[in-house]
Amino acid sequence: MYIVTAEEMYEIDRYAIEKGGIEGKVLMENAGSQVAQQIIQSYDNNQKVAIVVGSGNNGGDGFVIARYLAEYSYDISVFQLVADHKIKGDAAFHKALWLNTSDKLVHVTDSHQLKQRLVDCDIVIDAILGIGVSGAIREPIRSMIDAINHLPVEKISVDIPSGLPANDGLEVDLAIHADQTYIIEAPKETAFCEKTSIYYGKWETVKIGISQMAYAKHASKQRWCIKNVRATFPKREKYAHKGSNGRGLVIGGQQTMPGAIVLAARAALRSGAGLVTVATIKENLPIVSSSCIEATYHLLPNLTDRLTDRDLEAFEKIDAITFGMGIGRDDSQLLSDLIEKLDKPLLIDADGLYHAKPLLETLLQHKAPIVVTPHYGEMAMLTNKTVPEVKRSPFSISRQFAEKYQVYVVLKGKHTIITAPNGEQIVSDQGNAGLAKGGTGDVLTGILLTMIMQHEELLPALANGCYLHGTSADYLVEDNHTERDLLATDVIEGLSQVFRTLS
Ligand SMILES: NC(=O)C1=CN([C@@H]2O[C@H](COP(=O)(O)OP(=O)(O)OC[C@H]3O[C@@H](n4cnc5c(N)ncnc54)[C@H](OP(=O)(O)O)[C@@H]3O)[C@@H](O)[C@H]2O)[C@@H](O)CC1
Ligand SMILES: [K+]
């Protein structure tokens, strides 16, 4: 499923009209009838329904919905919040069709009137503003949206909660707090941003006949689901040997943080890596090696000095490296050596990201791909922004960073956003609140290390890793765990159940 900005949706719409030959009126008919079908399936027709329409095509959708719901005997009233001359084009066409079959259209000019009109309704269908909204919400629409938010009725938004922008990056001024949103065709960026997703309530998409070709041409983001994983997940070769399934290297683990590397190494092995070597200090060896007997070990005298020739020689056979879990924040030369001296795919996580901050310009010199996996706080640190700023613009900030430093970014959150150096993005929204616990990030890193070694294309590889991690947590919470007691180690054990669903 594609995710779009407002500009991309308009381009896709234009493509469907100009190249696909579908008239705008027909797209609007399809949009309204599909939303109406969803409402008919979910809400009884003994309810009193008010449809509030604004000046744009979102209002046009509202007139179509009115026509279909009236056919199914809902008690419908349509309230027009703008002057007649504001309704133009396709919206005016569908307004005329509504008036051919009904006289139920009331002009409302202020919020006080609107409140009185809506007070005995069960459902308000919000077709006031769509993706064409711009700037601060103007009066009288502003007070009208506020009035609707205060009514104890079911609020259903068409396409987008009125007042909410489609794109990330803007401070939300005022918007309908919907219980349910029926999104036309493709979810917009704000459905996946922490500060704005709540306005949508529950949401689903309705299709109106736009071809996938239009999206392939104009959209740059996808939501990753099992269908994508099945299509891209590498098959395990029948005659594979441990060397052909990838040799991964996990570097990290201060004396006080040995758990992080155990989790990463075990997760990498459970996700199918052929061999995993853990490079850490000797004080960690007893605990780490007894917790992960399948891995091999490489001893580093400390986690701060440059790599020796012996280290570099030992790492020569490695297919991909992850650096940073439990490494601490003391000055260290390790990361600059990994960037300069080893041309291997490199995943930088956790404290490793603090070491990466002063080296960002040098990332461009690395000949193999680099992946960074920050959470919101770490992303704010890397980009000199605040956490609220990252939460407001997770798509834009990830894309700018990925393009500037030519790295892959996995911005971890409820909706994890994965960005390629060319700006292409994928959202993985699997997982639950049980993952908000120490160690789960280390498990994700281990899974991603294996995915990096086993795929040719990195963007789907990283998306598949995020899918495995989140879906393991979802299955565990559905079965014998809860969001409260779920541990990072459980997520590793849960991977088998996810793998079984992929073939
Ligand atoms: N995707 C698809 O393929 C299809 C999409 N369709 C639908 O079209 C919708 C997009 O339609 P759209 O472009 O007409 O924009 P939309 O938001 O309805 O109205 C814009 C008007 O709102 C006003 N306004 C703007 N800002 C404001 C503010 N701050 N405060 C107050 N008022 C403000 C401004 O009017 P003004 O008062 O300036 O004249 C402006 O002209 C889309 O969301 C979907 O529902 C389907 O019908 C068919 C296929
Ligand atoms: K709306």
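A residue is called buried here if 20 or more other C-beta atoms lie within 10 Å of its own, exposed if 12 or fewer do, and partly exposed in between, with C-beta atoms placed from the backbone. This is a predicted model, in which local features need pLDDT of at least 70 and side-chain atom pairs count only at pLDDT 80 or more, whereas totals for chains, interfaces and linings use all residues. Residues are numbered from 1 along each chain as its sequence is written, while chains are lettered from A and ligands numbered from 1 in the order in which they are written. By the burial criterion above, 51% of the 503 residues in the protein are buried.

**Overall architecture**

- The protein has 20 helices and 18 strands, where helices (H or I, at least four residues) and strands (E, at least two) are DSSP runs numbered from the N terminus.
- The C-alpha trace spans about 85 × 45 × 40 Å along its principal axes.
- Of the contacts with a separation of 6 or more, 72% join residues 24 or more positions apart; two residues are in contact if their C-beta atoms, placed from the backbone, lie within 7 Å.
- The protein is divided into domain 1 (2–222) and domain 2 (239–500), with bounds that come from an automatic or database domain assignment.
- The C-alpha centres of these two domains lie 42 Å apart, and the contact between them takes 12 residues from domain 1 and 15 residues from domain 2.

**The largest nonpolar core**

- A nonpolar core is a set of buried Ala, Val, Leu, Ile, Met, Phe, Trp, Tyr and Cys residues joined through C-beta atoms within 7 Å.
- The largest such core has 155 residues, of which Ile51, Ile65, Ile125, Ala265, Val371 and Leu462 touch the most other members.
- Helix H18 (residues 458–478) gives the most to this core, with 10 residues.
- Because domain 1 (2–222) and domain 2 (239–500) both give residues to this core, it lies between them.
- Val371, when its neighbours within four places in sequence are left aside, is in contact with Leu347, Val407, Tyr408, Val410, Leu448, Ile452 and Leu462.

- Ligand 1 is surrounded by 30 residues, the closest being Gly56, Asn57, Asn58, Gly130 and Gly132; a residue is near a molecule if its C-beta atom, placed from the backbone, lies within 6 Å of it.
- Helix H1 (6–18), helix H2 (24–42) and helix H3 (57–71) each supply at least two residues of this shell, and H3 gives the most, with four residues.
- An unreviewed UniProt entry annotates Asn58, Asp126 and Ser162 as "binding site"; although spread over 105 residues of sequence, they cluster in space, with a largest C-alpha distance of 9.2 Å.
- UniProt positions are given in the numbering used here, feature names are shortened, and annotations may be inferred rather than shown by experiment.
- Asn58 is found in helix H3 and is buried, with 26 other C-beta atoms within 10 Å; beyond four places in sequence, Asn58 is in contact with Ala127, Ile128, Leu129, Gly130, Val158 and Asp159.
- Asp126 is found in strand E5 (residues 123–127) and counts as buried, with 28 C-beta neighbours inside 10 Å; leaving aside neighbours within four places in sequence, its contacts include Val52, Ile148, Lys155 and Ser162.

**The annotated site at residues including Lys412 and His415**

- The "binding site" annotation of the unreviewed UniProt entry also covers Lys412, Gly413, Lys414, His415, Thr416 and Gly441, which are spread over 30 residues of sequence yet cluster in space, with a largest C-alpha distance of 14.1 Å.
- Lys412 is found in the loop between strand E16 (408–411) and strand E17 (416–419), and it counts as buried because it has 23 C-beta neighbours inside 10 Å.
- Leaving aside neighbours within four places in sequence, Lys412 is in contact with Thr373, Pro374, His375 and Gly441.
- His415 lies in the loop between E16 and E17 and counts as buried, with 20 C-beta neighbours inside 10 Å; not counting residues up to four places away in sequence, His415 touches Phe192, Val427 and Asp429.

**Helix H16**

- Among the buried residues of H16 are Pro394, Phe395, Ile397 and Tyr405, and the buried residues of this helix pack against helix H14 (376–383), helix H15 (387–392), E16, E17 and strand E18 (425–428).
- Just after H16, Gln406 takes a positive phi of about 55 degrees.
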